[in-house]
Amino acid sequence: MNRPHWAPPEVDTTRPSVARVYDFYLGGSHNFESDRTFGRAVLGQFPELVQTARDNRAFLRRVVSRLSAEGIDQFLDLGSGIPTVGNVHEVALAVNPTARIVYVDHDPVAVLHSREIVRSLPGVTVLSGDLCAPQEVLRDAVAEGGLDLDRPVAVLLVSVLHFVGDERRPADVVAGYLDAMVPGSYLVLSHARSDGRRDMSDVAEIYRNSKNPMRFRSHEEVSELFGSLTVLEPGVVPIPLWHPESDDDIPPDVDSGYPGLCGVGRRDAAV
Ligand SMILES: C[S@@+](CC[C@H](N)C(=O)[O-])C[C@H]1O[C@@H](n2cnc3c(N)ncnc32)[C@H](O)[C@@H]1O
């Protein structure tokens with residue numbers, strides 16, 4: 001097989017990667033047969049995942065658009081993935097052309113392709129890194145990405161913390177970022193749900209045998225990830241219910257067990 005230019009030599013094309021499988025779910029072209037085989041196995045159990053991935057991207061666009069309109073002009077997108085339509089920088093720069101965006105991912109295809117796309121955009125930086133190391137990521141985001149931690153930042157952890165097992169202490173990871181931020185900073189989170197109507201153990205089982213096992217979390221567990229932040233209205237909710245643009249975007253049975261949750265928290269001044 002000829003290696004495409006977007007797959008650096010260190011990429012093992014024979015093993016599925018979370019970033020490329022997600023690209024496959026979204027109809028992208030940066031994936032290999034190993035990713036598609038894996039993705040098809042998951043979709044065989046859970047075909048709704050395609051719509052869930054689209055809903056997740058739509059949430060990301062809505063929230064970046066809203067925060068940008070409120071004056072947030074620094075975004076730290078952790079586990080940013082392979083670029084697709086409506087990326088964070090496109091939405092943020094459309095509102096404020098001087099916004100600063102730092103993308104972080106540990107997947108080589110995601111990093112390389114993101115760098116190609118943003119090459120000519122001075123305010124956008126792509127870092128290769130492990131989001132579970134907040135100090136290193138923040139150091140590089142300041143030094144290379146020009147983030148100013150004396151001003152508010154929106155930290156995005158969108159559809160990624162379910163790839164962080166409990167042994168890596170996701171709540172501490174979140175706190176590692178938000179504790180370094182000034183009041184007025186935000187946490188934007190979306191996460192696969194364990195306690196919806198549908199039992200996800202068959203999907204979890206497929207991921208368990210991959211190099212990226214998934215940890216589905218309950219509504220209570222996802223809510224706890226916000227720690228001491230003030231969770232904005234409408235709270236931690238099924239993804240389509242976070243400020244939908246139209247009633248048409250809301251599936252009829254969304255309350256009874258939609259498989260993904262999201263929320264936005266704000267760091268307020270200590271009282
Ligand atoms: C499902 S994709 C989500 C992409 C994007 N945030 C979105 O919502 O469309 C998850 C991404 O997180 C990345 N990722 C997973 N664990 C990571 C880690 N520990 N550090 C950095 N990136 C990670 C994967 O490589 C993948 O690109």
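**Ligand shell and helix packing**

Helices α1 (18-25) and α3 (49-69) and strand β2 (100-105) each contribute at least two residues to the shell around the ligand. Helices (H or I, at least four residues) and strands (E, at least two) are DSSP runs, numbered from the N terminus. The structure is a predicted model, in which local features need pLDDT of at least 70 and side-chain atom pairs count only at pLDDT 80 or more, while totals for chains, interfaces and linings use all residues. Residues are numbered from 1 along each chain as its sequence is written.

Around the ligand there are 21 residues, of which Ala 19, Gly 79, Gly 81, Asp 107 and Ser 159 come nearest; a residue is near a molecule if its C-beta atom, placed from the backbone, lies within 6 Å of it. The shell is made up of 11 nonpolar, 6 polar and 4 charged residues. Ala, Val, Leu, Ile, Met, Phe, Trp, Tyr, Cys and Pro count as nonpolar, Asp, Glu, Lys and Arg as charged, and the others, Gly among them, as polar.

Val 64 lies in helix α3. Val 64 counts as buried because it has 28 C-beta neighbours inside 10 Å (buried: 20 or more other C-beta atoms within 10 Å of its own; exposed: 12 or fewer; partly exposed: in between; C-beta atoms placed from the backbone). Apart from neighbours within four places in sequence, Val 64 is in contact with Phe 75, Val 88, Val 91 and Ala 92, contact being defined by C-beta atoms, placed from the backbone, that lie within 7 Å.

The axes of helix α6 (residues 134-143) and helix α7 (residues 170-178) come within 9 Å and cross at roughly 30°. α6 is therefore roughly parallel to α7. Axes are lines fitted to C-alpha atoms, for helices over the stretch in contact, and angles run from 0 to 180 degrees between N-to-C directions; those under 35 degrees count as roughly parallel, over 145 as roughly antiparallel, 65 to 115 as roughly perpendicular and the rest as oblique. Pro 134, Gln 135 and Leu 138 in α6 meet Val 173, Gly 176 and Tyr 177 in α7. The residues of this contact comprise 4 nonpolar, 2 polar and no charged.

Helix α2 (residues 33-45) and helix α8 (residues 201-208) pack at an angle of about 165°, their axes lying 9 Å apart. α2 is therefore roughly antiparallel to α8. Here Ala 41, Val 42 and Gln 45 in α2 meet Asp 202, Val 203 and Ile 206 in α8, and the contact residues divide into 4 nonpolar, 1 polar and 1 charged.

Note on methods. Contact = placed C-beta atoms within 7 Å.
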